[in-house]
2 protein chains.
Amino acid sequence: MRTVFALAMAAAIALPTHATAQDATIAEAAEQRAYPPLFAAEMAQAETFVEEMIAAGVIVPVPRDPGGGYTHEQHKRNYRAMLLAAQLYELTGEPRYFGFVREMLLEYAALYPTLGEHPARANQNVGRLFWQVLNDAMWQVHAIQAYEIIRDELPAAERERIDNDVFRRASHFLSVESAATFNLIHNHATWATAAVGMTGYVLDDEEMVRSALYGTAGPGEAGFIRQAELLFSPDGYYTEGPYYQRFAMLPFMVFAGAIERNQPELRIFEHRDGILLKALDTTIQLTYNGYFFPFNDAMRDKSLNTAELYEGVAIGYAVSGDPALLDIARFQNRTVISPAGLGMAEALSAGEAEPFRFRSMLFSDGPDGDQGAIAVLREGTGPNHMALVAKNASQGMGHGHFDKLSWQLYAMGEEVVTDYGAARFLNIEAKEGGRYLPENESWAKQTIAHNTLVVNEQSHFYGDLALAEAAWPTQDWFHVADGFQASAASIDSAYPNEGVAMERLLALVTVEGLAQPLALDVLRASSETPVQFDLPLHYAGHIMRLGFDLERYVDTRPVLGSGHGYQHIWEDGRAAPDEGESFMTWLLDGRFYTYRFVPQDGLEVILGESGANDPDFNLRREPVVIQRVMDSSDATFVSVLEPHGLYDGAAEQTVEGDSRIAALRHVEADEYDVILIETLAGETVAVAISWQNDPAASHRVTIESRELAWQGYAARFSLGD
Amino acid sequence: MRTVFALAMAAAIALPTHATAQDATIAEAAEQRAYPPLFAAEMAQAETFVEEMIAAGVIVPVPRDPGGGYTHEQHKRNYRAMLLAAQLYELTGEPRYFGFVREMLLEYAALYPTLGEHPARANQNVGRLFWQVLNDAMWQVHAIQAYEIIRDELPAAERERIDNDVFRRASHFLSVESAATFNLIHNHATWATAAVGMTGYVLDDEEMVRSALYGTAGPGEAGFIRQAELLFSPDGYYTEGPYYQRFAMLPFMVFAGAIERNQPELRIFEHRDGILLKALDTTIQLTYNGYFFPFNDAMRDKSLNTAELYEGVAIGYAVSGDPALLDIARFQNRTVISPAGLGMAEALSAGEAEPFRFRSMLFSDGPDGDQGAIAVLREGTGPNHMALVAKNASQGMGHGHFDKLSWQLYAMGEEVVTDYGAARFLNIEAKEGGRYLPENESWAKQTIAHNTLVVNEQSHFYGDLALAEAAWPTQDWFHVADGFQASAASIDSAYPNEGVAMERLLALVTVEGLAQPLALDVLRASSETPVQFDLPLHYAGHIMRLGFDLERYVDTRPVLGSGHGYQHIWEDGRAAPDEGESFMTWLLDGRFYTYRFVPQDGLEVILGESGANDPDFNLRREPVVIQRVMDSSDATFVSVLEPHGLYDGAAEQTVEGDSRIAALRHVEADEYDVILIETLAGETVAVAISWQNDPAASHRVTIESRELAWQGYAARFSLGD
C-alpha cells in the first residue's frame, strides 16, 4: 500500500519528538483504516462531498458572477473539493481522487491564462476568478495545498503546465499585480501572502517565498512576518475583533505550518514570543458558550464551530500538544483530514483532553499593546458562568464600532447585556445580496446602539473613522481577586469639540448572601461645556417590574431622535425616578435580572426599542433603557445589574422573582467615589474608588462613621450588617 | 429487611400477570438496592428534598397567605414531602421517614379542627388550609397516599386521631360542606372526588367512596364516574384543551389506580372503552417536541415534563404495559418513586421502550363527540417533523378562546404559525401575583389574536361566553393520505347578528420537487350584510422579503383599532398587492418560510405587531400579517405557507432563501374551488374542493382544458409541467 502522508506534509509541523510519535500513529491508523471516530466521521463527510463533485464532472466555468452567484459558488466548491480530494488520496491511495484533482487543475491551467479583470468587479481590489482579490487568494491557499499532494506524481509536462499557467500566474497576480493589497498590514494581505508563500515552497521558488514573508519590496514594512508583528497585540488580540480574528486565523496558521515544515530555522511558531499560538488561544478566549463576543461588525451566530478554527485548532495542537485544545475540538466535534487533524483526533480518542480554561484575562490592543484593551472578567465555569466583557480597545479599522468603554454581560448561559453586532444577513440574497445593510452604518455602528456614554446625541468621534482611528481608551486598571474583579478605563478624546472626559469602572462584586455576583458599573464624565449625557443599556428579556412610575406611550410611540442611531429608537416611556424607585426587573430564559441605578440629580429614564425608521425590516427589535442627564457639565452613573431567582415553567415554580437589594447608594467623598450596596438581609458591601492607578498610593475615607482604607485604584469592603 | 411495597399499593394496579412480574422485580431490586438509573435518580432527588424538610423541622403554620405566600407554599411543600417521605419509607424502611410523616400528620390533626374559612379567600370556593378549595383537595390527594403507607403501623390512638381530626374532617369539608364544587363536572371536582374517594378506601369508609364515585346525592349526574364520562370526548379529548387536560390527568389516573386496587370489579380502566388510557394517550398526542399545543388559556412553556404526567405515565404503563409510554418516560427523564414508577423504570432499563407514534389524528370534542374537534396533521417524524393543528373544537368553558377554525403550524422544530396562549406569568408576584393578566381578556382571548376570521373587528360570539358555549364548529372532513392530508370544518353561528357562515380547509400538500409539503389554507365566508373580513396570521420570524410594495409607517405607528384586541396591534404598514406580488418571506431559526396568498378583489394587507396599549409591558411583541376585505358579503382567502431552504450562520451558507413557487391561483368553477400551485421548476399541483362531505358524490370540473374528477370533499392532482 501507499505510504500515507509521505510527502512534505507528512513531515508534520510539530517539534521533533512530538512529530515522530504522530507519524507512527498516522501510518498505523491508515494501515488498519482504524481511524478515531472524529476523524472517520470527517473523512466520511469529505468522501460524500467529493464523490458528489466527481459525479457532477469537472466544472470550471468562465468567471462571471458576483458573490453568491453561480460561477462564484462553483469556484468556491472547486477549491474545497480539490483540497479534500487530495487529502483523501493521501489517506486512501484511490486513483479517482488523484485524477479529479489533476483534471481540475488542468482545466484551470486552460482557463487562467485567458482571464483578465473579473467582469463583476466590486471595488478597486478586483480578482481574476472572483469579483474581489481576497477570494482569489482564498482559492489559491486551498488549491496549492491540493497540488502539493499530487504534484510529484504528475507527468513532467502536466506539472510544468500547472506550475506555470496556474500557480505562477496566480502568484504574480496576487503579489506583483495586486501589490497594493499584498503589502498591506491587513487580513486580506495575510491570505495573499499565505497563497504566494505556500506556492513558493511547492514550486521551490525562493523569490515567491521571500516576497510572501517580507513583502514585494524586500524586508521592511510588509509581508507575513510583519503582519504577525503588527496585526496582533502582544496578547494575541486582533484589532478588528473576534469575528475577524477567527477569519484571519486560517491563513496565519496554515502558512505558518508550511513555514515550519520548509524553513524550520525560522522558528515561526516561536516568533514574537509565540504570538500565533497566543492568538489562537485568544480567539478561543473571546467566546461565551462557544459564541464569539459579537462586538464590532460581527455575525452573532458565529461560534467556534467554524471551518477556520477546525484547521487552526488542529495545527495549534500539532505544534503545541496542548491538551486543552482537544477540549475545543471535542466541543467542535469536527476536524480536518490532514495529518494534524488525525494526530489530534487520535489524542482525543486516547482521552488526553483537558478542560480549556476560560478565565479572567486582559487582552491589550495595538502592535505594542498600548492602544487600549479588551477586559474579560469571568466568575465560575461551565455553561452558566458569568462573564463581563469591557471593550476598551481601539477602533479596529473600518469594521469597528463607535463604542469606547462599552460592555456586555453574560449569565446563566445567556447574553443579558447585549451587543447588537452587525446589521447584516450574510449570504441572504433578499437582504442586499447578503452585504452589510444601510442600518449597519445608521444603527449598528453608532454609539447609542451600544452600552456606553453618548454626548449630545452624537456618536463617539462624531462617527468619523479617521478621528476614531487616531485615539483609543487607556486601560487604567485590571484586577482579579476572590469576590472582586474589575476593569477600569478612560478616554478624553471621544468628543474633542465638547472636551468630554470619561472613565468607567466595571466589576463583578460578590455580596454576602447573594448566590451570584453583581455587575457594578460606575461611569463618571465631565465636559468643558454643559451637554446632554445618555447612558444606554441594551438588554435581553421581558419587563417584569418597574420600580418607577413611567409616563407610558401606549398608543403613540415617539421616535427618540433624528440621527446617530437615535432615529431608530421607538420610545415606550419616560420617568424621573426617586431613590428606592430606580430599578427595573426583567425575565430572560427562566432567570430574573434587576438593573438598579442611583438617581443622580436631574436623572431621566427612557425606555425604548430598536426598529424605528427601518423601512425594510432590517433591524431586530430589542429593548433599551437609557439614563439621561441634561444640560450638565458632569455626571456620575452608578448602576448595578443583579441576576437572581428562577422561573421554572415546567414545575410552575418561581423563586426570588424580586431583587434582594434594599439600597444602592453613591457617596462622593473628596476625590473618591464610594458605592454602597445593601441587601434585604442586611448585609452591606462597599466599593471605594480612587480612580488612581498607583498601586502604592494609600487612600482613606470615612463613610457614615466607618473608615475605609485601601491602596490603589479601588477596593471592596464587607461592612456586615 | 422490610417487605418492600407490602401494603395495599404493592398489590399494584396492573392486570394480574403483569402485576406479578412487577412485584417480583420490585422486591428483588429493593433487596439489592439495585434500582434502575431513572428510579435511583428520582429517589436521590426525593431524599435530598425530604432530608431538607426533616432538617427544617415539622412546620405546619396557621393558614394566612394567598397563593404564592408563605403559608400557602409551606403547606404545598408539606404535602409533597409527606408523600415522598412515605414512599421512601416503603423503599428503605428508614424510621426517620416514618417518623416525619407521623409527626406532620399529628400536627395537622392538632391544627385542622381549629380551622374555619381561609382568611385570604379569593372567590366563592374558599378552602381551609388554602385560599381556594382546589388546593385543599390537592393537599389531600397527596396526604392520603402518604397516610395509606404508614397508617397500619401507627398506634391505634394516633391512627384514630389522624383518621378523625384530619381526613374525616377534610373529606366532610370537601364533599358535604363544598358540595357545590364536589358535584360539578369539572376538573376541580375531579381533585375533590379523588381526595375523598381515596380517603374512603384507606379509612374503609364506604359512604365516602360512594359519594366520590357517584356524587353526594347518589348515582346520577355527579361523581368521578360521571366526570370520566362527561369531561372527555369519546376520543379522550378534554374540552378545556391540552394545558388543562394535563392538569386533570393526575387525579383521574391516581384515583383510578386506587379504584383498581380496591374495587377491581369496577374495571375502571375499561370503563367507557378505556377512556382514561385513551385520555392519557391524547394528552401526549397534543404536543410538538414535547410541548403542549398552547391554545386556549395555556402557559406556553408547559411540556410533557410536568409532575402530573410523571405520575400519569407510570400508572398508565402499569395498567397497559404499553412500551410506547416508556418512550415518553425516556423523554421526561423523570418518574415517581411508587411501585408503578419502579416497574416502568425497570422496563425502560431493560430496553423495552418502543417509539411513541405521533400521528395524524382527529380528536372529537364533547361528551358524545359531536361538538367539533381538534384535527392534527403530521408529516414525517422526529424533532423536525411538520404538524398542522386545526382548532375546530367547542369553547372549552371559561378558559376557552374565541377562535373557531383557528390553526397553528409547526415545522423544523419550531412553532411557525403561532398561538399566543395565555397572557399570564405564572407565580410571578410582580405580574398581578401570577394570575391571569387583564391582557388575557383584552388580547389573548380575542379572535384577532388568533389565526382565524374576524368580522367587523369583533370577536367570535362578540366575546360573549354564554353565546360561545352554546355553539361549535362542525368537523366536515378529515383525510389522511400520502401527499395530501386535510381537515375541513365550518361554523355559521360565530356572528349571529351579521349571519356569517364560514368554512375552512387546511391541508398539508406535497408538491413534486419541493422537499417539504406546503400548508394550504382555503377559507371562504359569506355574510347576510356587507362586512369587513380580516384574516390574521401570527407568525414567528424576521421578515426577509416582501413581494409587495408596502406603505410603511416608519416614524409613527398607528394603532389598528379600538377594541376586541385591535387596540393592542401597532401597524407597520399597508399594501394592496397584485398577483405575483402577494407573498412575504421570513427567517426563523435557520429556515425560511414564505406566506403566499391570492389577491382577491379589494384585498388589503396589513403588517403589524402586538404590544400597543399595554401599559405594564404584559404582552410579548410578536408580528402579524392581516388579509383584509372591506364592505363585502363574501370572501375567499386562499393562502399557502411554504417552508424552504436553510441558513447556516456557522458555515456561512444559505440555500434556497427564496420561495420555489411561481404562482398560486384560485379558480372558482361552479360550486367548486380549485387551487393551482405552480413551482419555478414547472410542476403544477391542483387541489379541488367540492365542500361536500359525501364520499360517494362525484365531482368534475374543467380547468384550462384539463379535466379534474374526484369523489368526496376534496382531492389533490399532480398536473405535471
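Figure 1. (A salt bridge here is a side-chain nitrogen of Lys or Arg within 4 Å of a carboxyl oxygen of Asp or Glu.) Both Lys76(B) and Glu73(B) belong to helix H3 (residues 70-92) of chain B, 3 residues apart, or about one turn of the helix. Helices (H or I, at least four residues) and strands (E, at least two) are DSSP runs, numbered from the N terminus. Lys76(B) is partly exposed at 24% relative accessibility, and Glu73(B) is partly exposed too, at 23%. For the cut-offs: buried is under 20% relative accessible area, exposed is over 50%, and partly exposed is in between (1.4 Å probe, protein chains only).

A quick note on conventions: residues are numbered from 1 along each chain as its sequence is written, and chains are lettered from A and ligands numbered from 1 in the order in which they are written. Because the model is predicted, local features need pLDDT of at least 70 and side-chain atom pairs count only at pLDDT 80 or more, while totals for chains, interfaces and linings use all residues; side-chain values use heavy atoms, with hydrogens and water left out.

Figure 2. The side chains of Glu415(A) and Arg300(A) form a salt bridge at 2.6 Å, N to O. Glu415(A) sits in strand E7 (residues 414-417) and Arg300(A) in the loop between strand E2 (291-292) and helix H13 (307-320) of chain A, so the pair ties together parts that are 115 residues apart in sequence. Glu415(A) is buried, with a relative accessible area of 11%, whereas Arg300(A) counts as partly exposed at 30%. Over all chains, the whole structure holds 82 salt bridges.

Figure 3. Asp572(B) and Arg557(B) make a salt bridge whose closest N and O atoms are 3.0 Å apart. Asp572(B) lies in strand E15 (residues 569-575) of chain B and Arg557(B) in the loop between strand E14 (551-552) and E15, so parts 15 residues apart in sequence are tied together. Asp572(B) and Arg557(B) are both buried. Salt bridges with shared partners also join Arg552(A), Arg557(A), Asp572(A), Glu609(A) and Arg621(B) into one network.

**Figure 4. Where chain B meets chain A.** How many residues of chain B are in contact with chain A? There are 49 from chain B, in contact with 49 of chain A, where contact means heavy atoms within 4.5 Å. The two chains bury about 4000 Å² between them, 52% of it on carbon and sulfur atoms; that area is the accessible area (1.4 Å probe) that two parts lose on being put together, summed over both. The interface has 4 salt bridges. Glu609(B) and Arg621(A) form a salt bridge with closest N and O atoms 3.2 Å apart. Elements giving two or more residues to chain B's side include helix H11 (242-262), strand E13 (542-546) and strand E18 (604-610). E13(B) gives the largest share, 5 residues.

Figure 5. The same surface serves both copies, with 100% of the contact residues of chain B recurring in chain A.

**Figure 6. Helix H9 of chain A, from start to end.** At the start of H9(A), a side-chain oxygen of Asp205(A) comes within 3.0 Å of the backbone nitrogen of Glu207(A). Buried residues in this helix (residues 206-214) include Met208(A), Val209(A) and Leu213(A). Among the elements covering the buried residues of H9(A) are helix H6 (156-177) and helix H8 (187-203) of chain A. Just after H9(A), Gly215(A) adopts a positive phi of about 95 degrees.

Notes: Polar contact = N/O pair within 3.5 Å; in protein donor to acceptor, adjacent residues only side chain to side chain.
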